[in-house]
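Trainee: I'd like to learn how to read a structure like this one, feature by feature. Could we go through it together?

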Amino acid sequence: MSRGANSASGYDRHITIFSPDGHLYQVEYAFKAISNAGITSVALKGKDCAVVCTQKKVPDKLLDPDTVTHVFQLTPTIGCVMTGLIADARAQVARARMEAAEWRYKFGYDIPVHMLAKRVANLAQVYTQQAAMRPYGVAMMLIAYDDEAGPQVFKCDPAGYYAGYKGTSAGAKGQEAINHLEKKLKKDPSLNTEDTVELAITTLSTVLSVDFKPADLEIGIVTKDDPLFRTLSVLEIEQHITRIVERD
């Protein structure tokens, strides 16, 4: 197996060592793991809602599809979509839930989504410094509806970077999806809940060149009227897909 000039000198073997050109190869490989997982996810916010949408791939005919998911509820009002290695995703979700529960216990109110994103990112950053741990090969996109700030979307990556977004994507075709969202959101449209969900679906559909069946998608949503995080049923997704088809 041929190895690149830099990695040949062993800089990709050890997580805490910079290569001479300033790279941390293990952290970069963690980003590659996200792309190689083969699914693409989208998160975006409308006027008074936030949505996460991802592909649902059941790898084996004998699996119970209800047990395969990339969309998780962290607190009653915060949900996330995980893109990348699913085992790592579960571990990071468990830690995020613990951090949220601890915050609630300590301060007596639910953790705001920006603080949870910050905490998850801070923990991810520690894993880029310590040789005892490896970075998680997942990107976490969180959504929530904030009483003061309105709909919120955050993304945390394996390097420990996090930021708020109008719309973003992660996974195999993440960059193409981001380019598509940039075009659609350039004029800063005031999207209602239906339009937001449908933009998420059409973004995935366009960049992957796939006509989705309702069972092929997972969608999580929070709205102003119903700030509790929930996932859409197959029937609800079907209604949105039907609307897209009729509109086109």
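Trainee: Let's start with charged side chains: what does Arg 230 form with Glu 236?
Mentor: The general idea is that a salt bridge is a side-chain nitrogen of Lys or Arg within 4 Å of a carboxyl oxygen of Asp or Glu. Arg 230 and Glu 236 form one, with their closest N and O atoms 3.1 Å apart. Keep in mind that this is a predicted model, where local features need pLDDT of at least 70 and side-chain atom pairs count only at pLDDT 80 or more, while totals for chains, interfaces and linings use all residues. Residues are numbered from 1 along each chain as its sequence is written, and side-chain values use heavy atoms, leaving out hydrogens and water.

Trainee: Is Arg 230 buried, partly exposed or exposed?
Mentor: We go by relative accessible area: under 20% is buried, over 50% is exposed, and partly exposed is in between (1.4 Å probe, protein chains only). Arg 230 has 34%, which makes it partly exposed. Glu 236 is partly exposed too, at 25%.

Trainee: How many salt bridges does the structure hold?
Mentor: There are nine. One of them joins the side chains of Lys 166 and Asp 188, at 3.9 Å from N to O. Lys 166 lies in the loop between strand E7 (162–164) and E8, and Asp 188 in the loop between helix H5 (174–185) and helix H6 (193–208), so this pair ties together parts that are 22 residues apart in sequence. Asp 188 is exposed, with a relative accessible area of 54%.

Trainee: What do those labels with H and E stand for?
Mentor: They are DSSP runs, numbered from the N terminus: helices (H or I, at least four residues) and strands (E, at least two).

Trainee: Which side chain meets Glu 198 in a salt bridge?
Mentor: That of Arg 247, at 2.9 Å from N to O. The two belong to distant parts of the chain, with Glu 198 in helix H6 and Arg 247 in helix H7 (residues 234–247), 49 residues apart. Glu 198 is buried at 0% relative accessible area, whereas Arg 247 is partly exposed at 48%.

Trainee: Since H6 came up, how do I read the span of a helix?
Mentor: The expected span is 1.5 Å times one less than the number of residues. H6 has 16 residues and reaches 23 Å from its first C-alpha to its last, close to the expected 22 Å. Twelve of those 16 residues are buried, so H6 is largely enclosed by the rest of the structure. Among the buried ones are Val 197, Leu 199 and Ile 201.

Trainee: On to strands: in what order do the five strands of the open sheet come?
Mentor: Two strands pair if DSSP finds at least two bridges between them. Here the order is E8-E1-E2-E9-E10, with antiparallel pairing. E8 and strand E10 (230–231) stand at the edges with a single partner strand each, so one side of each has no neighbour in the sheet.

Trainee: How many bridges pair E1 with E8?
Mentor: Strand E1 (residues 40–45) pairs with E8 over five bridges, in the antiparallel sense. Within this pairing, Leu 44 stands opposite Gly 167, and Val 42 has Ser 169 as its bridge partner. As for E8 itself (residues 167–171), four of its five residues are buried.

Trainee: And what about the faces of a strand?
Mentor: In a regular strand the side chains alternate between the two faces of the sheet. Take E9, where both faces are covered: Leu 217, Ile 219, Ile 221 and Thr 223 are buried on one side, and Glu 218, Gly 220 and Val 222 on the other. Seven of the seven residues of strand E9 (residues 217–223) are buried, so the strand is largely enclosed by the rest of the structure.

Trainee: Which residues are bridge partners of Gly 220?
Mentor: Val 52 is one, and Thr 231 in E10 is another. Seven antiparallel bridges join strand E2 (residues 49–55) to E9, and two join E9 to E10. A hairpin through six residues connects E9 to E10.

Trainee: Last one: how many disulfides does the structure hold?
Mentor: A disulfide is a covalent bond between the sulfur atoms of two cysteines. We count a pair of cysteine sulfur atoms within 2.5 Å, and the structure holds zero. For Cys 53, the nearest cysteine sulfur is that of Cys 49, 13 Å away. Cys 53 is buried, with a relative accessible area of 0%.
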